[in-house]
Amino acid sequence: MSRLALLLATTVAGCGAAPVAAPPSPPPPPHRAPPPPAVAATPDPAPPAFRLPGDVVPTRYHLELAIRPDDDHASGKVRIDANVVHATRAVWLNARGLKVHSASLGGAPARVLLGGDDHVGLLARTELPTGPLAIDVDFEAPIDHGKSRGIYSEHEGKDAYVYTFFEPIDARRAFPCFDEPSYKVPWQLVLDVPRGDVARANAPIASEHDLPDGMKRVEFAESKPLPSYLVAFVVGPFEVIDDGTAGRAHTPIAFIIPKGRADELAYAKEITPKVVAALEDYFDMDYPYGKLDVAVVPRYWGTMEHPGIVAMGQPLTLIRADQRTRQREQSYANILAHELSHYWFGDYVTMAWWDDTWLNEALGEWSDLNITEAVAPAWHYRDEQVSLAMWAMGPDQTLAAEPIHRAVTNNQGIEASFDNGITYAKGSSILRAAESLVGRDRWREFIRSYVRAHAWGNASKQDFVGELRAKLGNQAADLIETYVSRPGLPLVDVKCTNGTLAIDEPHRALPAGVVDPNDRAWSVPVCMRFGDDKHAERACTTPTEPIHVKACPTWIIPNADGVGYYRSVVDPKTVAALFDPRSGVAKAAKPTATEKMMAIADLRGMIDRGALEIDVALALAPAILADADPSLASWSGVAGGFRYDMLDDRLYRASEAWFTNVYGKTARSLGWHRAKTDTDDRHKLRQSMMWRLGRRDPKLSAEADKLALRWLADRTGIDDDLVGSVLYAAASHGDAALFDKLLAAAKAPRDRAEGGRLLGALGQFTDPKLAHRAAELTLSPDFDARESIRIVYGQLNARETRDATLAFITEHIDALLARMRDDEAAGFLGFLAGSACDPARKAAIVTLVDERSKRYDGAKNYVAQGLEQSDQCIAELAREHPALERFLARYAK
Ligand SMILES: [Zn+2]
């Protein structure tokens, strides 16, 4: 991020060290008394080091902005009704990159004080007494045209559209404000916009009238109480598509979309009212924000829970009739469920400070699975929780992992509190574990009472855990308290001796050779199932309370339902039996899909810890693939994330041959085309197989070449959810002619979803010259870097391209980072840090990312986690080499 100092329209006074601005122009009216001489001798107050001082708090905003979407700036006026809690002369607000023209406090002109990157001060002539205070500021704000932050503008064809994205701390780029989540007050917006444009915001439109110069004024009703980061509006030549009303509050729904795409809304119109109704049912309350606009923003990453005007990315929302696949439907339904869940977890009840970002994001993530399952039960979407847990366990097995609840004392910390693997994925996993422990009905009652208790206000970890303890008891409260307060996860080992099932004192699960010096025993509830060939039992206990049984069971599933957030020691023979329907274990236990998934995850954990050799796990792949439930197919890799691409040539070829041997028959029997009689599940299996084998199997790969050319010619010939696999397979061995065709298509895509897919395919070429041409597209002005960066993500993990791509990134890293927003740069540096799996490469990457990670908010933690995972990868590759030699011997030539 470039550190933009606050720009003042007024001249900065030239004397002394303190950055003092001259009085605002025009000069004060002549009738006002001259300033008392004593004041001039007092040094100006210093800006806050980080947080606002809290001596003045807002009670209401009236914000006026004049916006033309093509302009570089918007001009604004804000009146903040505030309350002085402690008498003071200076009022500090958050502001970044704003030009402040003039300001007044209680109607009297105030002097504007420079406040560094994040603040602006308004200095009264005399001390402001406690009580109400009107703060007025005239200012100018930038309209961003490159990074989608603050007020930002994007083109669709020739038309410019304006959107906003303020979370977490970019509202201060749009207007001066108290930019902290606890300042939750009503806002009234007035937008002056071109007469032909549509303007929408959080609250409904109250009135509209024409202004001179082709403009009009749109006045909005006062909003419900909102923190600054949730204020949102859009301006542009949108189409507004009404979709009737939804749910028990009869909430009016409208889609705000770029011109000419109304026929791509069929699915969104069908499912959106169902999501609203499912949320009202869950919380047993009316939709809280009066109306729901679905504002379709350009990118997936602009998706955001703005109350009353949810932002949903184009690639999610706009689905043409020939693209209506389950994959597209799930993406829209699930992300909408996530954003609208935030209307309760985040908007209606807001975390008091960014140390509790999990109260927004973990609860939102946990809820979106529930709501998605409620609106489309056939998808079994709650089963996705195991994938989320797996995603969390990777970073959580690094010593750099932070706890879910963490102190936030600077902007880095605010950005880092959105730590995806931990805040979202681990957060939702532990909530699911607690829900499972107490039962869904009791948990729902608790959630409802928590939300009611903090309606329109804020909440903290203490509030959530306190309420949980009062309603559901110590066990569930301790579970949440433990998991949010400490990093990592425990390793559970259940053993049976002499009729007693006992858990060894759990310690932190860490990869082989890694020791946490601060580790201490974990006490978390463990729910397990166990039995023999005829019977199955279930019990929940803690490590200190053994379970007495008549005889030791012949099998134990140590993570019942697969919802506990812990690693378990599993018996590979029992795991194998779970996948053999004729085995006594499978017959008695009737394992659920999530138990099977977690069992595979636990085998992976054992490989991580050096407790199981990889060949034992890999041998299970055919049985997992043959499981009656096709959703298990994507788990059949068993050693997920293992870097086969780093093996020497001979072993690498052997691993490819093994791969084709395991999957080839199934893949070929499914083929590229969906039969009319295929169920969604069978087609899902096809997607999984084509992704794996489309480029490896000669027959499928040759078909992919033809299908790619046909699709490029007229966009037909293959189901939309296989287009990616076809293009990737063809590109992986494609020539310059195919490259040029893909590039031409990427420059003129039918829509942004297609554009992203085409850029991804360009990243698959393995021919060195073509791979280099693809990498160069990340610097090309023809493409937005946020879209084109995916090219190098693909290349960095591919055997043929990873070295050349690293050399390219090394040469151009600063130019690449300059094209990204801080959170995007942080993600990129973290990915780069975790991409090495040999010592020389790691050393090269350390020099690239080390210093740079300090420049981007939120990057340090991602980079530290990535570098540790890179060490783990290096160690694993060496450790598993003998087992792989053994396992792949018959494929090695
Ligand atoms: Zn969220």
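A disulfide is a pair of cysteine sulfur atoms within 2.5 Å. Cys527 and Cys540 are joined in this way, with an S to S distance of 2.0 Å. The structure is a predicted model. By the rule above, the count comes to 3 disulfides.

**Disulfides**

- When the bonded cysteines of the protein chain are numbered in sequence order, they pair as 1-4, 2-3, 5-6.
- The link of Cys527 and Cys540 has a torsion of about 105 degrees about the S-S bond, so this disulfide is right-handed. Cys527 belongs to strand S27 (residues 526–531) and Cys540 to strand S28 (residues 536–541), so the pair ties together parts that are 13 residues apart in sequence.
- Cys527 has 12% relative accessibility and counts as buried, whereas Cys540 is partly exposed at 41%.
- Cys496 and Cys552 also form a disulfide, with their sulfur atoms 2.0 Å apart. The torsion about this S-S bond is about -85 degrees, so the link of Cys496 and Cys552 is left-handed.
- Cys496 is in strand S24 (residues 494–497), and Cys552 is in the loop between strand S29 (547–548) and strand S30 (555–557); the pair therefore ties together parts that are 56 residues apart in sequence.
- Cys496 is partly exposed, with a relative accessible area of 22%. Cys552 is partly exposed too, with a relative accessibility of 35%.
- A disulfide also joins Cys837 to Cys873, at an S to S distance of 2.0 Å. The value about its S-S bond is -95 degrees, and the link of Cys837 and Cys873 is left-handed.
- This pair links distant parts of the chain, 36 residues apart: Cys837 is in the loop between helix H27 (822–834) and helix H28 (839–849), and Cys873 is in helix H29 (residues 859–879).
- Cys837 is buried, with a relative accessible area of 2%. Cys873 counts as buried at 15% relative accessibility.

- His338 in helix H4 (residues 326–341) and Glu361 in helix H5 (residues 357–375) are 23 residues apart, and the pair links distant parts of the chain.
- His338 and Glu361 are both buried.

**Aromatic and charged side chains**

- The count of aromatic pairs comes to 39. One of them is the tilted pair of Trp354 and Phe418, with 5.9 Å centre to centre and 45 degrees between the planes.
- Trp354 is in the loop between strand S21 (350–351) and H5, and Phe418 is in the loop between helix H7 (411–416) and helix H8 (420–438), so the pair ties together parts that are 64 residues apart in sequence. Both Trp354 and Phe418 are buried.
- One aromatic cluster is formed by Tyr282, Phe283, Trp344, Phe345, Trp358, Trp366, Trp443, Phe446, Tyr450 and Phe464.
- Arg486 has its charged end over the ring of Trp522, 3.9 Å from the ring's centre.
- Arg715 lies over the face of Trp711, at 4.5 Å from the ring centre.

**Buried residues and their surroundings**

- Gln314 is located in helix H3 (residues 314–317). Is Gln314 buried or exposed? Gln314 has a relative accessible area of 3%, below the 20% limit, and therefore counts as buried.
- The side chains of Gln314 and Glu156 are joined by a polar contact of 2.9 Å.
- Not counting residues up to four places away in sequence, Gln314 touches Glu156, Pro258, Arg261, Val296, Val297, Pro298 and Arg752.
- Val638 is found in the loop between helix H16 (621–625) and helix H17 (649–670). Val638 is buried, with a relative accessible area of 4%.
- Leaving aside neighbours within four places in sequence, the contacts of Val638 are Ile600, Leu603, Arg604, Ala617, Ala621 and Ile624.
- Val638 and Ala599 are 39 residues apart along the chain, and their C-alpha atoms are separated by 9.7 Å.
- Cys177 is buried, with a relative accessible area of 0%.

Conventions: Residues are numbered from 1 along each chain as its sequence is written. This is a predicted model: local features need pLDDT of at least 70, side-chain atom pairs count only at pLDDT 80 or more; totals for chains, interfaces and linings use all residues. Side-chain values use heavy atoms; hydrogens and water are left out. Helices (H or I, at least four residues) and strands (E, at least two) are DSSP runs, numbered from the N terminus. Buried means under 20% relative accessible area, exposed over 50%, partly exposed in between (1.4 Å probe, protein chains only). Contact means heavy atoms within 4.5 Å. A polar contact is a pair of N or O atoms within 3.5 Å; within protein, one must be able to donate a hydrogen and the other to accept it, and residues adjacent in sequence count only if both atoms are side-chain atoms. Rings of Phe, Tyr and Trp (its six-membered ring) pair if their centres lie within 6.5 Å; planes under 30 degrees apart count as stacked, over 60 as edge-to-face and the rest as tilted. A charge sits over a ring if NZ of Lys or CZ of Arg is within 6 Å of the ring centre and within 35 degrees of the ring normal.
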